[in-house]
Amino acid sequence: MWICASKGPSGFSASSTAEEVTQGIDGTGLTAIVTGASSGIGRETARVLALRGVHVVMAVRNTDAGGEVRKAILEENPTAKLDVMELDLGSMASVRKFASEYKSSGLPLNLLM
C-alpha cells in the first residue's frame, strides 16, 4: 500500500502528529468535551488538548477506564485540567443526564470533539 507523505497547503501530511499540528497553540481558557476519551483517537485528542492548556472534559462510557487515562495524562502533564464524566452516546437518557450535569458545572463549552 502506498501512502502519499507529501505536505499539503497546510504544511502537514498524513504522517503529521497532533503535537506537531498544535505546536505553538495556547488553549488556556478554553474548555473541550472529548467523547470516547478513554481510548484511541479520543484519548490522544484529550492528551494533546490538555498539553496545550485546554480544560478537557473526558466524556466516556466507562468512568474507570477514563480515570486511568486521566491518571496517565496527569503523570505526563501534572498541570493538566481534566474531568471525567459518564456519557453513553447510544443512550438518550445518558446524553440528557450528561448535558444536565455539564450545564450544572458552569463550565463554558468551546470545543466539542
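Helices (H or I, at least four residues) and strands (E, at least two) are DSSP runs, numbered from the N terminus.

The model is predicted: local features need pLDDT of at least 70, side-chain atom pairs count only at pLDDT 80 or more, and totals for chains, interfaces and linings use all residues. Residues are numbered from 1 along each chain as its sequence is written, and side-chain values use heavy atoms, without hydrogens and water.

Gly 66, Val 69 and Ile 73 are the buried residues of helix 3. Buried means under 20% relative accessible area, exposed over 50%, and partly exposed in between (1.4 Å probe, protein chains only). Seen down the axis of helix 3, the buried residues fall within an arc of 60°, so they line one face. The arc is that of the directions from the helix axis to the C-beta atoms. Asp 64, Glu 68 and Glu 75 are exposed on the other side. The cover over the buried residues includes helix 2 (40-51), strand 2 (55-60) and strand 3 (82-86).

Thr 22 belongs to helix 1 (residues 18-22). Its relative accessible area is 18%, so Thr 22 is buried. Beyond neighbours within four places in sequence, Thr 22 is in contact (heavy atoms within 4.5 Å) with Val 48 and Arg 52.
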